[in-house]
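Please read the following note with the sequence and the model side by side. The points go from the whole chain to single residues.

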Amino acid sequence: MTPVGEVLRSHVLQSGWPGPRLVVLGGVHGDETCGTVAIERVRTALETGRLQLRRGELSLVPVANPLARQHGRREGERNLNRSFQPDPQPADHEARITNLLCPLLARHDVLLDLHSFQSAGAPFAMIGPRDNAGALEPFARAFEEGQLALHLGTGCVVEAWLEVYAARLARCGQGGDARALAFGWGTNEYMRSQGGYAVTLECGQHLDPAAPEVAYRAILAALALLGMAGSTPVPPAHPRLLRLVDVVDRQAEGDRLVHAWTSFDAVRQGQTIGLRADGQAVVAPCDGAIVFPNAEALPGSEWFYFAVDSERRLDAPGPTPAP
Ligand SMILES: [Zn+2]
């Protein structure tokens with residue numbers, strides 16, 4: 001018998017009218033509960049008729065990683081948001097769940113993936129690459145993806161995660177390693193590979209009581225923008241747009257950040273961000289901002305990301321210039 005913690009629950013609402021197919025994920029990381037709360041709230045609103053699905057199809061997955069949620073921690077056996085591709089020989093819980101989620105995602109057009117984060121800070125959205133025909137992450141729906149990000153209402157949007165991840169591999173001498181690159185794939189990268197588009201919304205700190213409200217409003221905003229339910233969409237926000245340009249790994253237990261950085265803290269070129277165990281300073285390569293600092297990162301994993309202001313326009317269709 002499948003243990004309770006391994007059962008994936010999803011809810012499909014079909015309008016019967018043609019329209020966009022939206023899937024919303026909560027709890028990809030088990031200790032991130034805001035998405036689950038928001039999804040259940042939307043589900044109740046739809047099931048009681050307070051909110052009506054006018055067209056298209058909506059799938060809701062309140063807890064994408066049931067084992068991690070059962071344990072109240074980020075991961076079950078590993079990070080579900082890595083190596084997110086079907087695996088004919090699934091070796092762990094997350095691989096089995098990925099095999100269930102991939103076909104679900106693939107039959108939708110749009111993914112909204114709801115997360116929260118460890119350190120203090122304001123909500124932000126993450127989007128993928130600009131339209132391109134390159135080998136790393138070819139994409140043709142950057143405008144639609146940008147529109148969705150703008151309507152989620154955060155003060156900040158971050159672009160280009162996979163590019164920085166690939167650059168990190170190249171630095172480690174693993175640039176041509178397809179397996180290592182595939183490890184960098186999360187839900188969003190898989191969704192884009194299937195012809196859809198995807199936005200990850202980081203709704204706030206894990207236990208911030210405002211985070212479920214951020215997530216709830218985001219689902220409603222997505223439904224309204226796509227013309228699926230609710231009133232006319234709220235006007236797009238004008239967030240700060242940042243492009244990730246570097247990721248720095250924590251190398252040893254003795255490595256420490258010199259401040260309790262929060263995402264989007266500004267740093268000047270040459271400013272010390274952290275100190276290696278041997279006392280060597282890790283400094284900002286140029287003026288920019290720190291993103292996703294994790295003071296407790298395991299040695300060998302991402303310590304913080306570095307971003308600069310992006311010149312990309314999310315509100316203008318057509319090709320956006322390459323960085
Ligand atoms: Zn997360």
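1. The C-alpha centres of domain 1 and domain 2 are 26 Å apart. The domain assignment places domain 1 at residues 4-238 and domain 2 at 243-309; such bounds come from an automatic or database domain assignment. The contact between them takes 12 residues from domain 1 and 13 residues from domain 2, where two residues are in contact if their C-beta atoms, placed from the backbone, lie within 7 Å.

2. This is a predicted model, in which local features need pLDDT of at least 70 and side-chain atom pairs count only at pLDDT 80 or more, while totals for chains, interfaces and linings use all residues. Residues are numbered from 1 along each chain as its sequence is written.

3. On the side of domain 1 that touches domain 2, β6 (156-159) and α5 (161-171) each supply at least two residues. Helices (H or I, at least four residues) and strands (E, at least two) are DSSP runs, numbered from the N terminus. By class, this side of domain 1 has seven nonpolar, three polar and two charged residues. Here Ala, Val, Leu, Ile, Met, Phe, Trp, Tyr, Cys and Pro count as nonpolar, Asp, Glu, Lys and Arg as charged, and the others, Gly among them, as polar.

4. The largest nonpolar core has 76 residues, and Val24, Leu112, Val199, Ala215, Ile219 and Ala222 touch the most other members. The largest share of this core, 11 residues, comes from α8. At least three residues of the core are drawn from each of domain 1 and domain 2. A nonpolar core is a set of buried Ala, Val, Leu, Ile, Met, Phe, Trp, Tyr and Cys residues joined through C-beta atoms within 7 Å. A residue is buried if 20 or more other C-beta atoms lie within 10 Å of its own, exposed if 12 or fewer, and partly exposed in between, with C-beta atoms placed from the backbone.

5. Which residues of α1 are buried? They are Cys34, Gly35, Thr36, Ala38, Ile39 and Val42. Their cover includes β2 (21-26), β3 (57-61), β4 (110-117), β7 (197-205) and α8 (211-225). Isoleucine 219 touches Val24, Ala38, Val42 and Leu112, not counting residues up to four places away in sequence. Glycine 49, which follows α1, has a positive phi, near 85°.

6. Proline 317 is found in the segment after β14 (302-309). Proline 317 is exposed because 12 other C-beta atoms lie within 10 Å.
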